[in-house]
Amino acid sequence: MSKKITILKNSGALGISTVIGKLFYFILFLCIGGSLGPEELGKFAFAVSFIALFCAGNDLGLSIRSVKEVSQNKGLAEKFLSNLVTMKLVLGCLTLALVIAVATILGYSQESVRLVFLIGLSTLFIVISQGMRWYFQAIQKLEYESLIFISQNFLYLILGYLAIKLGLGIRGVAYTQVLVGVLVLALTWIIVRNKLIPFNFKFDFAFWRQQLKSSIPLGLMLIFTGIYLNSDTVILSVFKGDKAVGFYNAANRIAGAAKMLPIVIIPSIFPVMSEITDWSKFRKLMEKAVHYSLALALPFGLMVAILSKKIML
């Protein structure tokens, strides 16, 4: 019963934060499109999607594996935290360098490359914070993740809106994303290191090799998922330009947000799944997860489809 209550509490906290956070970020897209026009929105959406294509390189499945290991043995938490933060920093820097190199080689404009760099730098800070945030899932304290996620998207909206109103344009919005990344990293550091568990940066290369080798299947899954979710925007930018990307993402962001809501239960049950050794209990938990996800997916899918015209107008 206590595990059921924990799952419900974490799912509720994550569900509410997902709805509110996605709403904040969608309003930011509305502000960009309404104030700066579809072409500027297209530039911003392209930069976000181009970065997201490479985001799997920042993690390679390490966070999922860390949740599994630490949920089974809490004594490993300090070792995983200390090494994963450092690994995320190294992987994030390498991924950012790769992204800028690819964008330059593909011949994108200087303005587009600059936006990609700024969004990529913001993502780097978020990635380092995620090197600590997986710990919330491992110890089933997702209220902290909910707090950070809402704060992150609220700051994106407020600071982005101020940048637009001050006439700083889409580049100004991108600079605010970098600032938010720094603030989110600082907040995560305070919560994890000072409130939950002390840790330091470590370079245990034998541990790194072991974790990277074990995470290959998960890393491949994340790579192909990133391509599936973001290649459409990048391909559209090549053939049709920024304006078409702006119109497309105005609709696509709504559908994308709706897709996220049914799966909020997964982070809550994953640590519980990792602890189960009885196959019948595991199967029963998975069946319930599928039922609950479907119960969430159906109304949201219908709502977005039925109200699509009013939403777009």
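This is a predicted model: local features need pLDDT of at least 70, side-chain atom pairs count only at pLDDT 80 or more; totals for chains, interfaces and linings use all residues.

Mentor: Helices (H or I, at least four residues) and strands (E, at least two) are DSSP runs, numbered from the N terminus. Residues are numbered from 1 along each chain as its sequence is written.

Trainee: In which helix does serine 112 lie, and is serine 112 buried or exposed?

Mentor: Serine 112 belongs to helix H5, residues 110–138. Buried means under 20% relative accessible area, exposed over 50%, and partly exposed in between (1.4 Å probe, protein chains only). Because its relative accessibility is 8%, serine 112 counts as buried.

Trainee: With which side chain does the side chain of serine 112 make a polar contact?

Mentor: A polar contact is a pair of N or O atoms within 3.5 Å; within protein, one must be able to donate a hydrogen and the other to accept it, and residues adjacent in sequence count only if both atoms are side-chain atoms. At 3.1 Å, the partner is the side chain of serine 109.

Trainee: How many helices and strands are there in the protein?

Mentor: Read along the sequence, the pattern is α-α-α-α-α-α-α-α-α-α-α-α. The count is therefore 12 helices and zero strands.

Trainee: At what angle do helices H3 and H4 pack?

Mentor: Two packed helices are described by the angle between their axes and the distance between the axes. Axes are lines fitted to C-alpha atoms, for helices over the stretch in contact, and angles run from 0 to 180 degrees between N-to-C directions. The axes of H3 (residues 62–72) and H4 are 11 Å apart, and the angle is about 180 degrees. This makes H3 roughly antiparallel to H4 (angles over 145 degrees).

Trainee: Which residues of H8 meet H4?

Mentor: The axes of H4 (residues 77–105) and H8 (residues 205–214) come within 11 Å and cross at roughly 80 degrees. H4 is thus roughly perpendicular to H8 (65 to 115 degrees). Contact means heavy atoms within 4.5 Å. Lys79, Phe80, Asn83, Thr86, Met87 and Val90 in H4 meet, from H8, Phe207, Trp208, Gln211 and Leu212.

Trainee: How far apart in space are leucine 285 and methionine 273?

Mentor: Leucine 285 is placed in helix H11, residues 279–306. Its relative accessible area is 15%, so leucine 285 is buried. Methionine 273 is 12 residues away in sequence, and the C-alpha to C-alpha distance is 7.7 Å.

Key:
Side-chain values use heavy atoms; hydrogens and water are left out. Angles under 35 degrees count as roughly parallel, over 145 as roughly antiparallel, 65 to 115 as roughly perpendicular and the rest as oblique.
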